[in-house]
Amino acid sequence: MFQIVDWLNQATLATDSTKTDLLRKVQEVIINKDDSLLDNFLDEVLGFQNDRNQDVRKFIVGFIEEAIKKDPDLLPKVITNLLMLLDDQSVQVQKRVIQAATNVYRSALGWLSRARSVSEEMEAAWNVMARIKVNIVNLVDSDNDGIRTHAVKFLECVVLLQTYPTADSMRRDNDFSLEDIPLTLKIARRRKLEEEATMVFELLVKFHGSQHVSSVNLMTCMGSLTLIAKMRPQFMGRVIAAMETLHTNLPPTLSKSQVSSVRKHLKMQLLNLLKHAASIDYHNNITTLLTDLGATHQENQRAEELNCPVLRRVSKHVDNPQVMKSLPKTEEVRRRQKRLAAENAVIHAVAPKRARVEIPEEVMEDDNTSTEDSMSLSSPSMILPDRTKRQTDLVIDLTEQFIVERLNPELTTQLVMMSMPKLPDTMPPHFSAMYTPIAAAGTHGQIKHVARLMATQLSAAGLGPSGRPSKKLTSTTKVTILNFVMEMSSMDDEDDQVASTKSSVLNVVSGMMDDDSLATKTTLLPAGTSVKPVKQRIKTLKLSEITRPLDVETTDRMLTGSIHRILRAEREAAFGGVSSIRHKMITTIASTFNKLVREEVLVYLLEDLKTRLDLGLAWLYEEYSYMQGFNRVPSFLKKDQSPDSGYNKLLCSLAQGLTDSKDKDFLLKRLYLEAPLITEEATDLLKHMCGDDSRASMGLSLLQDLVIRRPPRQLTFLNALLEHTAHEHLEVRSKAIQCVVELYDRGDLRSIIEEYAIFYLSFLRLPQPPVLLFGPDRGRPNKSDSWSEDIVKACLYLYLALLPNNESLIHELARVYVQTVADVKRIILRLLEQPVRGMGMDSPQLLTLVEECPKGAETLVTRVIHILTEKCPPSAQLVAQVRDLYQTRVSDVRFLIPVLNGLTKKEVIAALPKLIKLNPVVVKEVFNRLLGSHSN
């Protein structure tokens, strides 16, 4: 008891998130464990029904429901609270009240039925229950779709509880019906309850046929009507008629997908009804509907097994195996026929002893009237609406028979031709969405189905041969039928019918609360409205009042010890199968606690990163979640650093711990590739590792993988890789150039790499080397003010590596060559040999360079020609280009030396006088080429 008091006190002061948890603990104790405490703490719990949080109010509804289930005698104390919660502003609370009202209403009827005598308090509770029922009937017209759905389920419960079962009724555990209500119960008479249930059923039928009902409400109502027909077979005919009407008049507000869902649901419900033994009289109607709905043709046929005359008669009009499969078992049908025959024999034997009641002959002649209906008609307590309903059904049946006898092909053709002028020019989308081909067109069952639909509409309009009732009917019955037909024909739409039926239901329910009951002296007050002080209230202990805080040193020591024990429990967690929970605990603690805890966990990881890298990555992702705002740090934990700083430090610490040894290269690669984000500092660590000759190969390969697999930061990693293409050390530079060339061959980064190579090539135009070429990360810690051979080569390495892959870059070299100093030009000429040989003499770009030789680049072109003809004779195209250039622009005879053995004899003789005057070394080269010994 003290614990319950403590929980209630905490719930009064708790926040919205924990209040319901505390109240659930109270409910578990006082209802499920010790129900003797329920009455003691009932008012205290119900005092929370006015809480601002709708979840708390929903819990109170559930608490009331469970309390009534446990002790129905509490109904007078809590029923008013339920009525108040039904008017709650929250839709969720209203839906929960309607859902609970189903069980509460069942419990209330059972409570009244078991009572030896009815007290004023019980009568008052029943009146409040009736008010709840009236309010829920009103909610059928609610604007909220979910409230309407729950209201339909409540009306289904009312019909089942307030009607009689039959021998064919489907049974469920703990069923309750009118049979369980004693005849001596005055405040809930069987006759009035059954009348109310009939009106509620009519309301469901009219709601089912409404033109503005949603698909969810429609399928819910369809399921409720099916259940009612299975558990109360006396409504089977009305349910099947309602489904026939729905099949031909689907609501126009449904979309194509909703129409498909509704039709599929309708087919499923009809198949369920077909299995029921009481549906045997309506098999023609059901099978016709199923055929129209496209029941599949499977090979599971039971026609050969049909030995029952009724089923054989039905099977003549049914050729659909799926429908045949759903027919009730032969034994069930035979058992039902024997039972009906026995009941008819008893009725005929007892009939002479009963008081004579005038019964229309048409009703007695109706073949479809069941034994139970005949008994109800013979009862002196039969109400006028039931008789009117039967007369209306009789009118429809006679009209149907009239139409069937005359519905021949000629008349059908005339009807179609008369309707053609009224059809629209284009097919309406609603019609195309709901139309399905009629599989059984022309069969007797289909003709009867069409006749039934036409008879319903004609009778509603007061037309047809049955519009004039038989003379054998009494005058009162005639007037009632005519008034009923006129009323139906005057209604404009389905909404008016629903409203009329609903008002009838309200009148019946209101009539059950007679004046005497309303004038009772007993007035029920809601429990918990004036909450008394909680019994035995105990002052909650506060640790701040009875303890003193520990000093910082002791707190840190205890915290460190706790973390250390968690970290060292790896083997125990693995044996217990909770390794994942331990990982989550460690990562959460490390991400949210102070620096001391972080360092303790980090030391533990670095001790054996090979086996604990998964834990490190989990911690890294936890830090990333806090950095991006996916997770929030609890208010009682204040981090001593920003989230991005914690993530960066952790990533760099793990990377630093893996860069010390070559044995951990695989782990380092996994860390960089699986980390959610690579920070700038972590990138600098990787660049620093690339500058080391022993680790350059692994670091540069990792940078290449990051360029490919990290598109958001692709340019950052590519720039870090390009910087090492001009490195002073050969190992670093060669690996970097290899990685860049591989990326260049992929194609998506060609333009960026070319721009970087041309950017470095343009440095040669400057009078002195730029600062960008120097630094510890470039292998040149000391800056130089003059161009040296190594510095010039650094600007040309990447460019010359790309030249064989893109020969058009040779023109950029010619433009830069013109603007460089003499020392730089000599170095360029020495470095040209290998890339030019790779391009070959037939390269279109080289021939274009020779043809369009820029002014000042003659020495460059001459060097290119010398390299091309050094080991093989010049091609005719190259000779022609050189000849044209010599005759038009270049007057220096040395320009012809590389192609002398390709010139004509006349051209050689004309050039020899000028060649002999040159330097002896040059003259020797001339004769060597003329004699063909230049290759030696």
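Arg826 and Asp823 sit three residues apart in helix H41 (residues 822-831), about one turn of the helix. In this predicted model, their side chains meet in a salt bridge, with 2.1 Å from N to O. Both ends of the pair are partly exposed: Arg826 has a relative accessible area of 46%, and Asp823 has a relative accessibility of 43%.

The structure holds 31 salt bridges. Another of them joins Glu65 to Lys69, where the closest N and O atoms are 3.9 Å apart. These two residues are four apart in helix H4 (residues 54-70), so about one helical turn separates them. Glu65 is buried, at 7% relative accessible area, whereas Lys69 is partly exposed, at 45%.

Glu65 also forms a salt bridge with Arg96, and here the closest N and O atoms are 3.0 Å apart. This pair links distant parts of the chain, since Glu65 belongs to helix H4 and Arg96 to helix H6 (residues 91-114), 31 residues apart. Elsewhere, salt bridges link Arg568, Glu570, Glu607 and Arg612 in a network.

Other charged residues gather on the surface: Lys186, Arg189, Arg191 and Lys192 make up a patch of positive charge. Of these, Arg191 lies in helix H9 (residues 190-208) and is partly exposed, with a relative accessible area of 42%.

The cysteines come last. With a disulfide taken as two cysteine sulfur atoms within 2.5 Å, the count comes to zero. Cys690 is in no disulfide, as the nearest cysteine sulfur, that of Cys739, is 8.9 Å away. Cys690 is buried, with a relative accessible area of 0%; Cys795 is buried too, at 2%.

Conventions
Residues numbered from 1 in each chain as written. Predicted model: local features only at pLDDT ≥ 70, side-chain atom pairs only at ≥ 80, totals over all residues. Heavy atoms only, no water. Patch = residues over 30% accessible without salt bridge, like charges linked within 9 Å, V, L, I, M, F, W, Y side chains within 5 Å. Areas by Shrake-Rupley, 256 points an atom, 1.4 Å probe, with all protein chains shown as cover. Salt bridge = Lys/Arg side-chain N within 4 Å of Asp/Glu carboxyl O. Lys, Arg positive; Asp, Glu negative; His and termini not counted. Charge placed at Lys NZ, Arg CZ, Asp CG, Glu CD. Buried < 20%, exposed > 50% of the residue type's maximum accessible area, 1.4 Å probe, protein only.
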